[in-house]
Amino acid sequence: MVARMDAPRGPFDEFAIATAVLTRLPVGVAPTAEGEIAAAGWAFPLVGAGIGAIAALGFLAVEILGCGSAAAAVLAVAAGLAVTGAFHEDGLADTADGFGGGRSRDEKLAIMRDSRHGSFGIIALVLSIGLRAAALGTIGDPICAGLALIAAHAASRGALPPLMRILAPARTDGLGAAAGRPSRTVAIVAPALGTAIALALLGPSSGAIALVLSGVALAIAAMLAHRQIGGYTGDVLGFFQQIGEIVMLLAASAR
């Protein structure tokens, strides 16, 4: 049972908590009380930008070695997976299995809690990795691809706090419930930071198009989650992040 948060942590601790939750980097801090993850939500896009930067460096390194854009794209996605431990991809796969294989709400939630992946989950993972790699390979230029990676990782994570505030946890236990409900301030600051990063890196026009398309896709995903299970779980948050990242990268690759 997670204890309730007694006193808010400072911004540096909250940034560290966001890093601990979203990555496998050894930051030496972990959420210990209910609501600490939600309070740290403002830092999600900043941590996302860092993840995107690591993936961008992977893309650039492979290009410098002369392996070509296709290999660079695949390995850039792999670098992101390594940093996060495929945290969001696991949520995507569990959500796809639950939504696709369950008939009732309770059955869907039970399937999502099962750590084994079925056909829907595997297909979702293949599509996620394939679409992101294809988008990066289409962009080709390592600088442009790197900027797109940082923008997509930042904006997709910045969208999570407002979705956590709008929707309700579908369970009374689990990561989604323990994370808590972000404050109105956090729900505004997080997407604002993600939006600012995306616009700065992709440009006003391309960035705005990518953000709008991603926002529409996430709105549809949120309505689907509400209809399927009545809210969100930790897995569904991973599903949201993946949808946002995929759409952002596809939009950035459009010519």
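**View A. Gln241 is buried in helix H13, with a relative accessible area of 0%.** Buried stands for under 20% relative accessible area, exposed for over 50%, and partly exposed for what lies in between (1.4 Å probe, protein chains only). Helices here are DSSP runs of H or I with at least four residues, numbered from the N terminus. This is a predicted model, in which local features need pLDDT of at least 70 and side-chain atom pairs count only at pLDDT 80 or more, while totals for chains, interfaces and linings use all residues. Residues are numbered from 1 along each chain as its sequence is written, and side-chain values use heavy atoms, with hydrogens and water left out. The side chain of Gln241 has a polar contact of 3.0 Å with the side chain of Ser156, and another of 3.0 Å with the side chain of Gln242. A polar contact is a pair of N or O atoms within 3.5 Å; within protein, one must be able to donate a hydrogen and the other to accept it, and residues adjacent in sequence count only if both atoms belong to side chains. Setting aside neighbours within four places in sequence, Gln241 is in contact (heavy atoms within 4.5 Å) with His88, Ser156, Arg157 and Leu160.

**View B. Thr19 is a buried residue of helix H1.** What does its side chain meet? A polar atom of the Thr19 side chain lies 2.9 Å from the backbone oxygen of Phe15. The relative accessible area of Thr19 is 6%, so it counts as buried. Beyond four places in sequence, the contacts of Thr19 are Leu25, Val27 and Val47.

View C. Which side chain makes a polar contact with that of Ser69? The partner is Glu63, at 2.8 Å. A polar atom of the Ser69 side chain also lies 3.4 Å from the backbone oxygen of Gly140. With residues up to four places away in sequence left out, Ser69 touches Phe59, Glu63, Gly137 and Gly140. Follow the chain from Ser69 to Leu136 and you pass along a separation of 67 residues in sequence, yet their C-alpha atoms are 7.8 Å apart in space.

**View D. Ala86 has a positive phi in the loop between H4 and H5.** The angle is about 55 degrees, although Ala86 is not a glycine. For background, most residues other than glycine have a negative phi. Ala86 counts as partly exposed because its relative accessibility is 27%.

**View E. The largest cavity holds about 140 Å³ of space.** A search of the whole structure finds two cavities of 30 Å³ or more. On a 1 Å grid over the protein atoms alone, a cavity is a set of points where a 1.4 Å probe fits but cannot get out, and its lining residues have an atom within 4 Å of a point. Grid points are joined across faces, edges and corners, and the volume is the space filled by probe spheres set on them. Lining the largest cavity are 13 residues, and those nearest its centre are Val21, Leu22, Phe87, Leu175 and Leu237. Helices H1 (11–22), H5 (87–101), H9 (160–166), H10 (175–179) and H13 (234–253) each give two or more residues to this lining, and H13 provides the largest share, three residues. By type, the lining has 10 nonpolar, three polar and no charged residues. In this sorting, Ala, Val, Leu, Ile, Met, Phe, Trp, Tyr, Cys and Pro are nonpolar, Asp, Glu, Lys and Arg are charged, and the others, Gly among them, are polar.

**View F. The second largest cavity holds about 80 Å³.** Its lining has 14 residues, with Val77, Gly80, Arg132, His153 and Glu245 closest to the centre. Two or more lining residues come from each of H4 (69–84), H5, H8 (142–158) and H13. Which helix gives the most to this lining? That is H4, with five residues. The lining of the second largest cavity divides into four nonpolar, six polar and four charged residues.

**View G. Cys67 and Cys144 are both partly exposed.** The relative accessible area is 48% for Cys67 and 41% for Cys144. How many disulfides are counted in the model? The count is zero, where a disulfide is a pair of cysteine sulfur atoms within 2.5 Å.

Methods: 1 Å grid on protein atoms, 1.4 Å probe; cavity = no way out; pocket = protein on both sides within 12 Å on 5 of 7 lines; lining within 4 Å.
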